[in-house]
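Look at the sequence and the structure below.

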There are 2 protein chains.
Amino acid sequence: MSSPSLMQRLLRGAAPVALLCAITAPALADEGMWTMDNLPLKQLKERYGFTPSAEWISRVTQSSARLALGCSASFVSADGLVMTNHHCANECLAELSPKGQNWFQDGFKAASQGAEPKCPAMELDRLDHIEDVTDKMSQALAGKQGAAYIQAEKAADADLQKGCVAGDPTHWRCDVVTLYHGGKTALYRYKRYQDVRLVFAPDQNIAFFGGDPDNFNYPRYDLDLTVLRAYENGKPAKTTYFPFDPNGPKAGQLVFTSGNPGSTSRETPAAELALMRDFELPSGIGYLSTLDGVLWEYGRQGKQQTQDAQDDLFGIENSLKVYTGWQQFLADPKMIETKRSAEKGLLDWINADPQRKAQYGDPWEKLAPVLDKERQLYLRYVMIEGGRSARGFQGELFGYARTLVRGAAERAKPDTQRLSAFHDANLPAIEAALGSTAPVHKNLDETLLAFSLTKLRQVLGADDKTVHDVLGHQSPEQLAHAAVQGTKLADPAARMALWKGGEAAIAASTDPMIVLARQVEPEARSLRDQWDNEVMAPERQISETIAKARFARDGSNIYPDATFTQRLSFGKVEGWNENGTDVPPFTTFAGLYARATGADPFKLSKAWLDAKPHLDMNTKLDFVTTNDIIGGNSGSPVIDADGHAVGLIFDGNIHSIGGDFAYDGTNNRAVAVDTTAIIAALRSVYHDEALADELVRGHL
Amino acid sequence: MSSPSLMQRLLRGAAPVALLCAITAPALADEGMWTMDNLPLKQLKERYGFTPSAEWISRVTQSSARLALGCSASFVSADGLVMTNHHCANECLAELSPKGQNWFQDGFKAASQGAEPKCPAMELDRLDHIEDVTDKMSQALAGKQGAAYIQAEKAADADLQKGCVAGDPTHWRCDVVTLYHGGKTALYRYKRYQDVRLVFAPDQNIAFFGGDPDNFNYPRYDLDLTVLRAYENGKPAKTTYFPFDPNGPKAGQLVFTSGNPGSTSRETPAAELALMRDFELPSGIGYLSTLDGVLWEYGRQGKQQTQDAQDDLFGIENSLKVYTGWQQFLADPKMIETKRSAEKGLLDWINADPQRKAQYGDPWEKLAPVLDKERQLYLRYVMIEGGRSARGFQGELFGYARTLVRGAAERAKPDTQRLSAFHDANLPAIEAALGSTAPVHKNLDETLLAFSLTKLRQVLGADDKTVHDVLGHQSPEQLAHAAVQGTKLADPAARMALWKGGEAAIAASTDPMIVLARQVEPEARSLRDQWDNEVMAPERQISETIAKARFARDGSNIYPDATFTQRLSFGKVEGWNENGTDVPPFTTFAGLYARATGADPFKLSKAWLDAKPHLDMNTKLDFVTTNDIIGGNSGSPVIDADGHAVGLIFDGNIHSIGGDFAYDGTNNRAVAVDTTAIIAALRSVYHDEALADELVRGHL
């Protein structure tokens, strides 16, 4: 499974506001993505006889991390060694590959600690401190509505972040996190590592064995691992860490996952889910499916093309499984009916008391016109603006151009009035991305831009004003060709010059990609304003009202919906029953070699074929657990009650996709690599004894 | 809009059983696709003061025709001249283009009648006679269920066809047509023209001006025309015809369309529509969208690739608009609720009388387990078998292989026991297709097969038995490459040799495409049997029960759902109001030139640019009418009360897509080319005075 950014950037632009409180009070079974300050002590004691100490909780927190672009990770040695998934380091591997080599495909092994190369534009964040700012935020927002609410929230957000980083945004990152849909607001401070280096990656054949056909399926046979190292001042960072257990877990054993689930929608109102099911998901699935076909055929044109397209292709096929899983889950009429019935129960409770009625009103009635507005704006919003990536303007180069155009205008404003992406605290990350020396694949970029402009015209129609203004008398192909081949933005120096030149440089630029981004900017901004003020803000206010009513009725022994922040899930190593057949929890090397065919994506590299006689075929490779996880948990460590690393989360089974809306412990399973396999592969396949030793020893 | 075969072959394999009786009794407004023996005389008289004479009806019938592959057409001169759409002759134009030329793109003009080239594999059918065989069929099916029902139906069908063609299947084609979902069965005999030649086609720029962005939209500016000629014994056929009115229709004027609407689902039970909306349409849209992306990117690789892919691409993008329109139409909860409420009304009427209760039972209750079965079988059925074209085995060469493998086995059986596609009466068409000299584009075929095998594995999973058997240790790319590059089936002589060799030749063949088709055949046939016997047959029996109950309650002053047979629709030339803006009924040459940009698909050919000074800019180009049409009506003539041709149907507006499920006269519009524009273009753009003269004169 992949990061929330990949999964959601194309569906609704920004991630859906997944700030709603959880459905069950109290949570049943192994359900829940718990914040570190509100662990399910009662459930843990009752179900597993385990009570974590304060030291245990602190060490787990300090040893966990996340990749800023959307994965989880953990420290696994005192010298800053970091364990995450291969698919979380795709970009680093691709970008670092020297000409004629393909580290993403063939793997990488640093000759020594001193020879570890720096991943361009990779940031690792470790949670350092949480401050409850609920009261501060409530005061700032009191009595505000619509645009004023958004503005006040931005200002408060920027103030809090600014104070938190204390003038040192290079070393600290601070995020304002709204939990329980406004029930609680917290300021998360992270220790920021922007010097992250590559230590080891296996070849892609074993990292993603089974490829797209096996993705979200089980049994699995993957070693989805990348090892990185955090550096400070040019030296390996000294870190708290999870001792690495080279023997993996046992069936039935209590295990935890510590990671950053991206988003869930377990308390989203039924009417919002229906809009998603009937309109937004079909639109997103259609768009992504077409893009999937474009990239698949692009990749068939040669080895270079295959390599250039594979990262996008992986993300898209992953997202498509998720969207399709959601669509099928939501198509079950029981799903929406259950939600509607729960909502009616809460409304009846509100209406039963005049004071409650005055306080909460009927939030679902207020939601209806907002959803009408959402539906009306949706297509133009996702095609022209759409958060990180507009469906109508794909490609890295346009992305750079939009960042430059928008960034120039935003930086001219006081920090508190900017779009949140351009707060002072976020500028170092933007500058790192603009300055990245990773090559731009111009032909792929031209293909993506031509495709997306074609879709822009198809979806909005040739008579749409923006379509007309953008294309003029050119075809999408002509415009894409002129903009991509004519722009200088593939050169990081050119990008940095425009960034530093600010508004004057942008206004004076004749670079065709800048011209294009500049031309679309007024309409894109107008759509963002309408979307934020007329859709997102009222939806959040309505959901907050619902959440507060539910709190008042049910109390607070619940977990918040996922927000790509640190959470702990618990569960056990256990298979499930699939249509009458028991699926065992573990797979082994024997199963891997039996499944290998010699053809992609079931092909083994020479290293694995050569190593076969030297491996114990009974070695456990992957396993499943009942832990409640979701996209964003990729790269999370699986740890035991002693706080030792026993596995590495890299996927969920097919039933885990519905987990976005509800957790079903009977068949929702997390999928992990066994630490036993990691050590065996390092020693017997990749002959990286130094790394295996560091893992077992816990330091360099 | 395109033919029903294009629209439906990938959704559910064969066209949905669209044999249900119509929703309204009596029909309102300009609704209805009426059979020639049951015209809406009352509505015509009341609404338009028009009563057709027997001679008028007979002449309209005899002057109308259909292309066997899925379009409508009409005779427009006494010497066999045929008018249909450019998009209905795509294959002929592509196949006839000499090396280095592209008649599909650039157009074609026969130098003289004697120089008209024959379209490969094109068949034109003109309705000759209708016999009511309701009683014969009822007797043959009495008391039969499931497989026995299917078998008896096949046998009766074959007997009727055989008797009807009277030993001369080259000149006659006979189809058993089930109307009103079993309320009536008719035997349609057609005069068969298999020598159809190309007379004239404009360039693709004007035929499909606006391309995919404008498809299903209006205002439109297209000259979507191809002129063909039917031949008999090597000479132009002598035919009844519609006199060609070179002045087109007037706003508000009564007009008729005479054509072959492919299928509608206006009486499909709500539960079937819900399954389509929630499961089958999302699956079909996802598949076709990906294929759309593959072909789009394939076409970007060069001029030849663009040309090779364009026909499939056009069909897929057209189907996607239809499927997406259906999905959106059905997502409106009112749509399904209205149907459920009507069904409940009918059930209440049944239950109100013990005799009716005994006779009809509760057909909707019986439907539920059949739909469960449909859902369970669906994905394997459409991927592995799927009627004309399996989603997992795309490409012309596999299609030939399956026809050869299946045809050999079927022809060894008595005619009555064969699959209907292989009845003696259908063999000439199969042989014509197998013997076609149209080139196979091997690289495109390999791409399609590799893509579809990839989808096969993705949709059914790598552990599916058929996937495992088919791929073995090969990747989809490897298997597709070996099968396409190794097969001899691109050569018509090789195909005909295998066809003539029958079962022994097929069993002995080592041709890799035959080997592949042979390997999949047992499972494909088994799926077809299950689908036909356990899904289609019970669904048809249930729908027949519902239709009979409705007949008993409402009488028979209704039209049957479309069945790709001759129908007459009536209406008037009239625009509509789109969100407060009036859309006028006519467009003109002035609008065309104003919309032209110089870039595809809004580019005009040199001929049109050169002709501009010589054209009257006020000449009407396209117009819309309230006539109730659907896919399959493409190429239908628009005729006036005098039976003169005044236009040529080529599309419907976006609201017409929902017409599959219900007709809404407020905004459902048919889109046609004005005959005025046809004459002006022939004279002033293409300088084909001979053809213009033949049209105006009515003979050579």
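Is C71(A) buried or exposed? C71(A) is buried, with a relative accessible area of 6%; buried means under 20% relative accessible area, exposed over 50%, and partly exposed in between (1.4 Å probe, protein chains only).

This is a predicted model, in which local features need pLDDT of at least 70, side-chain atom pairs count only at pLDDT 80 or more, and totals for chains, interfaces and linings use all residues. Side-chain values use heavy atoms, without hydrogens and water, residues are numbered from 1 along each chain as its sequence is written, and chains are lettered from A and ligands numbered from 1 in the order in which they are written.

Over all chains there are six disulfides, a disulfide being a pair of cysteine sulfur atoms within 2.5 Å. In chain A they follow the pattern 1-2, 3-4, 5-6, counting bonded cysteines along the chain.

One of them links C71(A) and C88(A), with 2.1 Å from S to S. Because C71(A) sits in strand β2 (residues 71–75) and C88(A) in the loop between β3 (81–84) and α4 (90–96) of chain A, the pair ties together parts 17 residues apart in sequence. Helices (H or I, at least four residues) and strands (E, at least two) are DSSP runs, numbered from the N terminus. C88(A) is also buried, at 14%.

In chain B, C164(B) is joined to C174(B), S to S 1.9 Å. C164(B) belongs to helix α7 (residues 146–165) and C174(B) to strand β6 (residues 172–179), so the link connects parts ten residues apart in sequence. The torsion about this S-S bond is about -70°, so the disulfide is left-handed.
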